[in-house]
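Hi,

Here is the structure I said I would pass on.

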Amino acid sequence: MAAAASTPEILTVDLGTDTGPFHGGASGTLYGLYGDGVPSRNAVEGMYVRTVSTKAQDGTQHPGADALEILRPFVEAGGKDVYVYMTDIYRGFPYEWPGDTGAERLADFTARVRRQVEQVLTLGAYKSHVVYVPFNEPEGNMYGTEEWSYDQVSWRTDPAHYFAAWRDLYRLIKELDPGARIAGPNTCLLYDEIRGFLEFAEAEDVLPDVITWHELSSPDEIRTSVTKYRALERELGIGPLPVNLNEYAHNYHLSVPGQMIQWIAAIEESKVDADMAYWNIDGNLNDSVVEANKGNGQWWLFNAYGQFTGNTVQVTAPHPNVQYTLQGVAALDRAKRQARLLLGGTGGSADVVFEHADPEVFGTTVHARLLEIPWTGQVGVSAQPLRLADHELPVVDGKVTLRLTDLEAMSAYQVILSPGGNGAVAPAPSVGLRRSYQAEDAAYIGDGHSLNGPEGSPSDVDKFAGSTGYHVGGLRTGSDGVLVFSVDVPRDGTYDVSVFANSYNLADAVREQGPTNVFLRVDGGHPQELRLPLGYKWAVWGHADAQAELTAGAHTITLAAQDHDLGVTRGDAVIDRLDLALRDDQVAAPALYDAEFAALGGGARVDYGQRGASGPGAVVLPRGGTATFWVHAADDGEAAVTVDRIGSGEGELTINGENVGMVGGENEGMVDGGNMGIVERSSVPLFLMAGVNKITVTGTSDQLVLDRLQVGASRGLLPTSTHPAEEGTTTGTARVTGAYTFATGGKAVEGIGAGPANTLTLTVETERAGRHALTIRYSNGEQAPATHYNPDPVCRHADIAVNGAAPQRVLFPTTFHFNNFHDLTVPVTLDQGANTLTFTADELPDHDGHSMNQFGQRSAYAPVIDTVTVTRLA
């Protein structure tokens, strides 16, 4: 996106200037949680989501995201506060509050506020995590100038009605819930009129407990606005109060690590909470999560940010507080003897200079690990960050300089500094040769070609980001188009091919089949059919992946709408770019997760004196000490997981909350080769979920010295069986159908739900009793009518009963079309031998247990079910 600079820019990290405890406030989300499981608790916890703003329970603004339904799973996944938009009880935007006069409308809203508070009072200890937000953007809604306002007079012109309503509702909430926290004024911006609001609130003793406004501006405005507000507090003699900027960033920024790091840096520097804006669909953490449990590049950026510990330190950018330039945020943990830096925002080269590196922390040589967090699209899955290099660098006059080259503007980068000079063996980079080829630079043969764009840019932030802002169309139903990429590679090998593409799920040509199919060939041969990713709008990017054997030299890779061996395209797609990555021996090797960079707890400490450790150090776990790793898996299924340790300590291994065995004990053996002295538990087959996995090692002996985790490919050792849904027993409206061509074997079961009479029951056999994974291949294309710019896909649910026991309720996120199938895994306990799995569903009532949603926002049906695969967890 940005041209390489002729001379490297300099980003300075002053490790000697402490700017306060790490806060982590940038990881908030507006409408990012749909319900328990969408997104998964792993995705929420691993992104270190601190705050969520969401709709009132049973609100009709959008499907899902009901405050009281997300509260408990959010808190249990480590969340702090749920900000309840009380206004979102209403439909429409501006809010359609009923009544012929302002007084009637306010009376209706007052009654609904009372009911919401009474609901919260039933939550027990969980209610302490609720923050009430009585008004949202009052100047554009209830107290603005439009049809649905109180009296068509903006409160910024005459604040009397708004101020009185704030006072009365504040007092009502505090009367009902004396311990309540109330947030406001929740304006679009930090208007000058906020002064009058604060003066009134102070005089009437109705000052918000948390100050909120939206910063749909730029990162530089965040620093400016927070500074301005803090000065206003001092002038008025109030506070300092907690601040939540509960909408920030635009479509052009969200999902792009290189853009989001600029916002994160400004928010963290300001020591406030902030929630990413909700422009699209709820339940995906604002374009961070794919399906239910998979992270894209933005998710991994927040995972890295959330693992900062200690205190932040001063970072001086080459262009301070200027958006779309190189920016960064850093923290130093003196006890852990680590400094972490996240940076990004420009391409080319840069020098990172760490100043005042304390020799008592780092010694005279530092170990620097460099990782890249690439952009993978809004709906494109990303593996863990790419390990680019490990360096041993001298500390000269308290300074360490790291030269960075070939920076990608859409990527973010992490540098982890720790003591060096201990003989650490640097692992090879986890990424091989990479090349990108833009679709607009490719040749096009045939009819239907279109060059589309520009899309998002710094001057048009409402549109989505792409590689260059331009993309190519033409591969659609009836086309004979061929997109021809000329590529050149320096080495023979197997290459991963990623086609960044998009089909809008509601486009006329896409509605019929769902995923658009196109045909890939290399040099005219080796045909492969690709199904391109669906999205909720045009130019919402994901990637379809394949592999190709290439020899050194020039090649032609084509994407075509017709193939004489495989068929024709149905649908309509746009192509952004094509990526090649060499799958060399290192890339195919097990993924390595060094313990010294894991999240530590329970008294765990890093030891940099362990000779033979794989990185700069190892972790010493006392009894009860923990090391938690966030691990990516490409698919649901078996992986070979190995815990490397030094010495004979023992521990317990849990994966996604499931206890799967012991580290140490009898199943251990010496490692041959380079890492002399390491005692390693034999590689164990364990079930991992596609996407994000939380793996924790807990010490159970006096001392367990943990070196690293290795995650390799399946060896086919876990018992597994796949059961087509059409082989089950159906009752009522549940039926086998051949309507979904992309179902396995062309058949699936639909019509499950709308009451317990309409069921699917499968019988599965297991070799042993115990914990198993049910991997359900399903589709869900249901979408509710929307009132404005947000598409409103609906999560369906299934109540799954095992052997007649009480059912487990499982949410299934959208797949964007009923002919587009995804996998979702559910852990269950099965008996040895035959087990029955029964799927039912029914429309869920409101919180009161009897009233129902009137706008199609709660489905009565389970998803379409294709297959169920049963795998032993360990």
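Below is what I found, going from the whole chain down to single residues.

Before anything else, keep in mind that this is a predicted model. The mean pLDDT is 95, and 97% of the residues reach 70 or more. Residues 1-5 have a pLDDT below 50, with twelve contacts in the model beyond near neighbours in sequence. Residues 666-679 also stay under 50, and there the model has 26 contacts beyond four places in sequence. Where pLDDT is low, the predicted coordinates should not be read in detail.

Now the overall picture. The protein has eleven helices and 57 strands. Its radius of gyration is 27 Å, close to the 29 Å that the globule rule gives for 874 residues, so the protein is as compact as a globular protein of that length. Along the principal axes, the C-alpha atoms fill a box of roughly 80 × 75 × 60 Å. Of the 874 residues, 61% count as buried. If you take the contacts with a separation of 6 or more, 78% come from residues 24 or more positions apart. The accessible surface is about 31200 Å², and carbon and sulfur atoms own 49% of that.

On annotation, an unreviewed UniProt entry lists residues 435-581 as "domain: CBM6". In the model that stretch is 3% helix and 56% strand, and its end C-alpha atoms sit 7 Å apart.

The side chain of Asn-517 makes a polar contact with the side chain of Gln-513 at 3.1 Å. A polar atom of the Asn-517 side chain also lies 3.0 Å from the backbone oxygen of Val-568. Setting aside residues up to four places away in sequence, Asn-517 touches Glu-529, Leu-530, Arg-531, Val-568, Thr-569 and Arg-570.

Next, helix α8, which covers residues 297-306 and is mostly covered itself: ten of its ten residues are buried. Among them are Trp-299, Trp-300, Leu-301, Phe-302 and Tyr-305. The N-terminal end of α8 is capped by Asn-296, with a side-chain oxygen 3.1 Å from the backbone nitrogen of Gln-298.

Then there is Gln-323, in the loop between β12 (311-316) and β13 (327-333). Is Gln-323 buried or exposed? With a relative accessible area of 12%, Gln-323 is buried. Its side chain makes a polar contact with the side chain of His-253 (3.2 Å). Not counting residues up to four places away in sequence, Gln-323 touches His-253 along with Ser-218, Pro-219, Gln-262 and Trp-263.

Last one: Gln-808, in strand β54 (residues 808-812). This residue is partly exposed, with a relative accessible area of 35%. Its C-alpha atom is 8.0 Å from that of Ala-798, ten residues away along the chain. Leaving out neighbours within four places in sequence, Gln-808 is in contact with Ala-798, Asp-799 and Ile-800, and also with Val-826, Pro-827 and Val-828.

Cheers

How values were computed:
Residues are numbered from 1 along each chain as its sequence is written. Side-chain values use heavy atoms; hydrogens and water are left out. Helices (H or I, at least four residues) and strands (E, at least two) are DSSP runs, numbered from the N terminus. Buried means under 20% relative accessible area, exposed over 50%, partly exposed in between (1.4 Å probe, protein chains only). A polar contact is a pair of N or O atoms within 3.5 Å; within protein, one must be able to donate a hydrogen and the other to accept it, and residues adjacent in sequence count only if both atoms are side-chain atoms. Contact means heavy atoms within 4.5 Å. UniProt positions are given in the numbering used here, feature names are shortened, and annotations may be inferred rather than shown by experiment. The radius of gyration is taken over C-alpha atoms; the globule rule is 2.2 Å times the number of residues to the power 0.38. Accessible areas come from the Shrake-Rupley method with a 1.4 Å probe; for residues, only the protein chains shown count as cover. pLDDT is the predictor's confidence in each residue, from 0 to 100.
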